[in-house]
Amino acid sequence: MADDQQQAGPSNQPEQQPKDDGREQKPQGDGKEQKPQGRKRKLSAKRQNTNKRNNGNSDTEVDPDPEKIRFLLDPVLNALRSLLNGNENETMKALIATLQPSQIEIEMALTKVKMDLDRVLGFPNNAYQIYDFGSIKSGLAFRDSDLDFYIHYERNSESKQEQTKLIHIIHGRMLRDGTFHGLVKILGAKVPLLRAIHGPTNLTCDINFSNARGCYNSKFIFAVTRFDPRIHKLAIIIKFWAKCAFLLTNHRQMNTYCIIMMLIFYLQTKKLPLLPAVQDLQKGVPRVAFGPWNLGYPKDIKFTSMNKEAIRMLLQNFFKYYSTFEFEKNLISPFVGRLCAVEEMKQKKVRELQPYYRAVEHQNYPEFNYGTQISIQDPFELNMNIGGVCNSAAHFEQIKLSFKTAHEVMCANNSEPFSKVLENLFTKTKRYQKQTKNAVVPVVSKNGTVPKTVDVSAHWRICRLLPVEYELFIVRQVLLARKTDKEAIITERQIKDVWADCMLDFIEDILQKIYLCKVEPIKDAERASSVPNNIRKEDVRTFELSCERQVIFKRARLQINNEQELNNEIAISKNRWEMNRPLVFSSRVDMFKSNDAIEFHIPEEHHKNGSIRVFIESCFLTQIRKCIKGYFKVMLYKAEEKAKAALETAAMESEGQAQTAQ
């Protein structure tokens, strides 16, 4: 494991995230204004539609690229149908040979790409190394897989600003070199990267300068799949099934890393486990520190399993396990390696998670994000919910439908050869259909009530805003400034409660004053189906959000640091209202606090409406954080001024009393 640490390069940034961790990444263009209509552009031969700037909150479902699916599916089906025997061994040989490139092909491609990268990466007196990771390193690469590279410089900068600058420089060099094309700078993600297509091999390359962490994920998956050949074969089948079953979509609301962690967890929780818990794997292995987390694991897993099940039975039970799994209640944690409830984790009753509890309580690390559809805990970075990428109600329904359908197909083909089983598994998939035919656009009547024709059982698009460290820091400073009892302790619970209450007020105020939208409360609104049952009706703010013109476009430098700048931004909005383009929409909105997050629910049928789509994706989600940050700064300034005035008043009163006494 020491060799792994050296290869991956040093990293002391606990906030860095791996390429494989499931976090959605937001491409940014060349800085030019994107027009609302016709703004889609082709990024590469393999990936499309990834440049939508939605902060990971998009609920839009785009079908996977049919050509990309057929590129793999047609040869797979031909190979399966050509088998005379159709037993497990022959079927798996044919499937792997069709789906996966040989090791020689991989090495040849990597050599060519790295040779061409060498021409654009060099700097005087700053040596570098290129490390490949992702599916190429984990042993799960398909013939259409991309190449992932982490570039480690000897004088490596840990600041995001320097990494972004580096991406701009390499981007310019690639343009001049001409070997790479289809260049896209993805700067909005937590791990900025440069995407490029290598001309000679036509392979898409994702290049980053800060994600040493991703190398460990890939090598861990490789160690697990190498431990037992059945695990590698299961992973190949399940990954390809997920592509065919609409789980791995262009919007990346589920990814291969999540799927493989689900597979590992299933194998750990069987009556006869095929794998031990990660915490058990780490015993006796030198610790690899990454902040408070231990990235250590054995290169060669030593575990005696009594499980002798065939691949067919393991696969069928995998689909059965997750077709009945209560995702909302249970935690998927390869680190723990056993089934436990999310509520147990919240109440600190999971004994195996003591490292996580200590990191949150004593080292001020962010808590696990519970406010998602699926809770999948990263096996090493224990406060990370890699299942957080699935934040769409529609995609969550697709996941449940796909597992249920796959289990039905497996059961219905019990007597068929294994090749026929896989053929049906890959082709007999179902697409989740949104029930919006009877949905009616909510319109507020004169008395402020919602007509009874509104279908509140329709699906809702959910935008979720989680607390940011800087915002919580400002809230803490505000509470310190307001504190009259110097001995009183300010708790994390107080800070998060104040943050949430402020957020609800701030968002309404921002919508009205900076976005110049109308926010009209809806009286006696029927409860929407998307609002959890544990949320009281009086805690949900239901209002009609309507807009006539767009005033946020071309304000990339929107900045609020004090009350004067806030008033300036409000004035700019008012001045631009008349001259800016029309953007007409009207929608019901439900907003409330849920699990230390703010949820913003809009009826899903509106998402296909051009105006509301432009507003949510291009304005609300991209600018709201800047506005909120400014509002908190103004709040802190006022609290400090008030505290200062109170001290001056108290000092004057004391001085007056002293003079009177004399």
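**Entry 1: a charged pair.** I looked up Arg81 and found that it forms a salt bridge with Glu423, with the closest N and O atoms 3.0 Å apart; a salt bridge here is a side-chain nitrogen of Lys or Arg within 4 Å of a carboxyl oxygen of Asp or Glu. This pair links distant parts of the chain, since Arg81 sits in helix α2 (residues 66–81) and Glu423 in helix α15 (residues 418–427), 342 residues apart. Helices (H or I, at least four residues) and strands (E, at least two) are DSSP runs, numbered from the N terminus. Glu423 is buried, at a relative accessible area of 11%, where buried means under 20% relative accessible area, exposed over 50%, and partly exposed in between (1.4 Å probe, protein chains only).

**Entry 2: what I am reading from.** I note that this is a predicted model, in which local features need pLDDT of at least 70 and side-chain atom pairs count only at pLDDT 80 or more, while totals for chains, interfaces and linings use all residues. Residues are numbered from 1 along each chain as its sequence is written, and side-chain values use heavy atoms, with hydrogens and water left out.

**Entry 3: further salt bridges.** I searched the whole structure and found 31 salt bridges. In one of them, Glu599 and Arg464 meet through their side chains at 3.1 Å, N to O. Glu599 belongs to strand β14 (residues 597–603) and Arg464 to strand β10 (residues 460–465), so this pair ties together parts that are 135 residues apart in sequence. Glu599 is buried at 5%, and Arg464 is buried at 12%.

I also looked up Arg351, which forms a salt bridge with Glu352, the closest N and O atoms being 3.6 Å apart. Elsewhere I found Arg493, Asp497, Lys593 and Asp596 linked in a network of salt bridges.

**Entry 4: the nonpolar cores.** A nonpolar core is a set of buried Ala, Val, Leu, Ile, Met, Phe, Trp, Tyr and Cys residues joined through side-chain atoms within 4.5 Å. The largest has 93 residues, and those touching the most other members include Trp241, Tyr322 and Phe426. Helix α9 (residues 256–268) gives the most to this core, with 11 residues. Apart from this core lies another, of 53 residues, among them Leu465, Val478, Leu479 and Leu558.
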